[in-house]
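I'll just talk through what we can see, piece by piece.

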Amino acid sequence: MSTLATILRLALAGVFLAAAVVKIADPVKFHAALLTYRMLPDLVAAGLALWLPWFELCTGVAILWPRHSRAALWVVVALNVVFLAAIGQAAFRELDIVCGCFGRPASVRGAGYLPYLARDLAFLAAAVWLLRREPPAAVPPQPPPPRGE
Amino acid sequence: MARLPHSWFGLLLAATLLALAAFAFDPRARDLLRDAPATDETTLAAAREHRGPLLWIDARPAADFAHDHIPDALPLNPDDWEAQIVDVLTRWQPGTRVIVYCDDRACGSSRAVADKLRHEYQFDDVAILHGGWAAWRKAMSR
């Protein structure tokens, strides 16, 4: 594994672990941030505010666990596509949102959306690069079936 | 290397079990179902019981503030910050409790304004009104 790949893997894991810890510490605050996207009913947003931080935590750990790293990188791709869609719809609807990403709130509107979109695109690109660089382990060749007696 | 579906299932299962454990043992997680205020929020009832200087900050757009607002509130929203912060700084004194509100639970500007006052202007006692302007209107209509 190259130095760059190791750094990217550690950075992605660190980002997910840090984001998770902040949200786990104050799920009600994360719930309030989720509501600003105006995408989900209150109860669904509450469930997501409870579950998503733990999913991010497990993903952050799995990125560093070679046995599950590839699956975790696919999760990073999927989550960032969802985050981009959520921020994109908020930008399109000109909503006044709080990112809810890493604790410190920032009112996002107008051109303020661009750094958040750029950041999630960077995470997405890093995960895709790591996935392309490390193809899945080859399936070991199966022994030929025994010939008929 | 584990098969991808097995790993994904493991991740989903682990996250769900941990979330359920948090719900069972962490009172902050159970607050999600109680419409409880977050750690940086205060309720209208608590604001009314506050004894001491209190400054209401209206983080909604200027047009909404002009239409109606909490008595004695000052407008301060991210779009008109430079023009509006002067009045806030004039009125604020150390020890003043500042409560920021915007439209309702689903608006973000009150949280951003409160954060900026705390970290860039060193206001020491800043909270967000849980439920925002909608909660105030609801209380006034009773």
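So, B:Glu41 stands opposite B:Ile128 in β5(B). That pair belongs to the link between β1(B) and β5(B), two strands that run parallel and are joined by two bridges. A quick word on terms: two strands pair if DSSP finds at least two bridges between them. Helices (H or I, at least four residues) and strands (E, at least two) are DSSP runs, and they are numbered from the N terminus.

Before I go on, some housekeeping: this is a predicted model, where local features need pLDDT of at least 70 and side-chain atom pairs count only at pLDDT 80 or more, while totals for chains, interfaces and linings use all residues. Residues are numbered from 1 along each chain as its sequence is written, chains are lettered from A and ligands numbered from 1 in the order in which they are written, and side-chain values use heavy atoms, with hydrogens and water left out.

Back to the sheet in chain B. What order do its strands have? It's an open sheet of five strands with parallel pairing, in the order β1-β5-β4-β2-β3. The edges are β1 (41-42) and β3 (74-75) of chain B, and each has a single partner strand, so one side of each is left without a neighbour in the sheet.

Let's walk across from β5. Strand β4 (residues 97-101) of chain B runs parallel to strand β5 (residues 126-129) of chain B, and three bridges join them. In that pairing B:Ile99 stands opposite B:Ala127 in β5(B), and the bridge partner of B:Val98 in β5(B) is B:Val126.

Why is strand β2 of chain B described as largely enclosed by the rest of the structure? Because four of the five residues of β2 (residues 54-58) of chain B are buried. Buried means under 20% relative accessible area, exposed is over 50%, and partly exposed is in between (1.4 Å probe, protein chains only).

Now zoom out to the whole of chain B. It has seven helices and five strands, and along the sequence they follow the pattern α-α-β-α-β-α-β-α-β-α-β-α. The radius of gyration of chain B is 20 Å, well over the 14 Å that the globule rule gives for 142 residues, so the chain is more spread out than a compact globule. (That radius is taken over C-alpha atoms, and the rule is 2.2 Å times the number of residues to the power 0.38.) Along its principal axes, the C-alpha trace of chain B spans about 65 × 35 × 30 Å.

Chain B also comes in two parts: the domain assignment gives domain 1 (1-36) and domain 2 (41-140), with bounds from an automatic or database domain assignment. Their C-alpha centres lie 35 Å apart. Of the 142 residues in chain B, 44% are buried.

On to the greasy bits. A nonpolar core is a set of buried Ala, Val, Leu, Ile, Met, Phe, Trp, Tyr and Cys residues joined through side-chain atoms within 4.5 Å. The largest one has 42 residues, and A:Leu12, A:Trp54 and A:Phe55 touch the most other members. Who builds it? At least two residues each come from α1 (3-25), α2 (27-35), α3 (42-63), α4 (69-92) and α5 (113-133) of chain A, together with α1 (4-25) of chain B. The largest share, 11 residues, comes from α3(A). Apart from this core lies another, of 19 residues, including B:Leu76 and B:Val98.

Two residues in chain A to finish. A:Ala45 lies in helix α3 of chain A, and at 1% relative accessibility it counts as buried. Leaving aside neighbours within four places in sequence, A:Ala45 is in contact (heavy atoms within 4.5 Å) with A:His31, A:Leu34, A:Leu35 and A:Leu40.

And what about A:Lys23, buried or exposed? It's buried, with a relative accessible area of 6%. A:Lys23 is found in helix α1 of chain A, and, not counting residues up to four places away in sequence, it touches A:Phe30, A:Pro53, A:Glu56, A:Gly100 and A:Cys101.
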